[in-house]
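Hi everyone, thanks for coming. Today I'd like to walk you through one protein chain, piece by piece. Have a look at it first, and then we'll start.

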Amino acid sequence: MSAVQNRLANILTILGGIAAFTAVMPSYEYRGGTVVDTATAKHLQTNPDHLPYTEAYRFGWTFSPLVEHRHASELEVKADSGFTLKHSSNTRFDLISWSALSLGVGVVLIALARKVRSKSSVHVS
């Protein structure tokens, strides 16, 4: 009986570890901006560091992260045919997400594995 409980505890620990890892798995995404007119294209030829972009750092599932930090640079056309470069940055914590659910499942599975292990180490004489 102890060998079966030990194997069950190992399986629960592995599944819990996988679930917890996927809940905080890091990812990075970068997207360059789109140039829609010739004036912007000419401006970018002389100022290549003004190219608009978006980058995102995520921890958790890509489509439903636990934590996401986004940084963006946007090129705005002014009324006098000039350009303004705007930067924005925000961090979002989403406790109601698939990543949060995965983390919860992982913690519960690891706790169950510890409970099964502790029961298998108790011997009745």
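Predicted model: local features only at pLDDT ≥ 70, side-chain atom pairs only at ≥ 80, totals over all residues.

Let's begin at the N terminus: from there on, the elements of the protein chain run α-β-α-β-β-β-α. That comes to three helices and four strands.

Residues are numbered from 1 along each chain as its sequence is written, and side-chain values use heavy atoms, with hydrogens and water left out.

Now, the overall outline. Along the principal axes, the C-alpha atoms fill a box of roughly 90 × 20 × 15 Å.

What about the surface? The protein chain exposes about 8800 Å², and carbon and sulfur atoms supply 63% of it. Those areas come from the Shrake-Rupley method with a 1.4 Å probe; for residues, only the protein chains shown count as cover. Of the 125 residues, 26% count as buried. Buried means under 20% relative accessible area, exposed means over 50%, and partly exposed is in between, with a 1.4 Å probe and protein chains only.

On to the sheet. It is an open sheet of four strands in the order β1-β2-β3-β4, with antiparallel pairing. The edge strands are β1 (26–32) and β4 (83–93), each of which pairs on one side only. From one strand to the next, the twist averages 10°.

Let's go across it pair by pair. β1 and β2 (residues 53–61) are antiparallel over seven bridges, and S27 stands opposite R58 in β2. Next, β2 and β3 pair in the antiparallel sense over nine bridges. E55 has H71 in β3 as its bridge partner, and a hairpin of two residues joins β2 to β3. Finally, β3 and β4 are antiparallel over 11 bridges. Their hairpin has five residues between the strands, and S81 there takes a positive phi near 70°.

Let's stop at two residues in β4. How exposed is R92? R92 is partly exposed, with a relative accessible area of 37%. The bridge partner of E68 in β4 is R92. Not counting residues up to four places away in sequence, R92 touches P65, L66, V67 and E68; touching, or contact, means heavy atoms within 4.5 Å. K86 also has its place in strand β4. K86 is partly exposed as well, at 40% relative accessible area. Leaving aside neighbours within four places in sequence, K86 is in contact with A72, S73, E74 and E76.

So where do the helices go? Helix α1 (residues 2–24) lies across β1, β2 and β3 (64–77), running at about 160° to β2. Helix α2 (residues 38–46) packs on the sheet and touches β3 and β4, its direction making about 100° with that of β3. For these angles, axes are lines fitted to C-alpha atoms, for helices over the stretch in contact, and angles run from 0 to 180 degrees between N-to-C directions.

Last stop: which residues form the largest nonpolar core? The five are A9, L12, L109, A113 and V116. α1 and α3 (98–121) each supply at least two residues of this core, and the largest share, three residues, comes from α3. A nonpolar core here is a set of buried Ala, Val, Leu, Ile, Met, Phe, Trp, Tyr and Cys residues joined through side-chain atoms within 4.5 Å. V116, leaving aside its neighbours within four places in sequence, is in contact with Q5, L8, A9 and L12.

Methods
Pairing = 2+ DSSP bridges.
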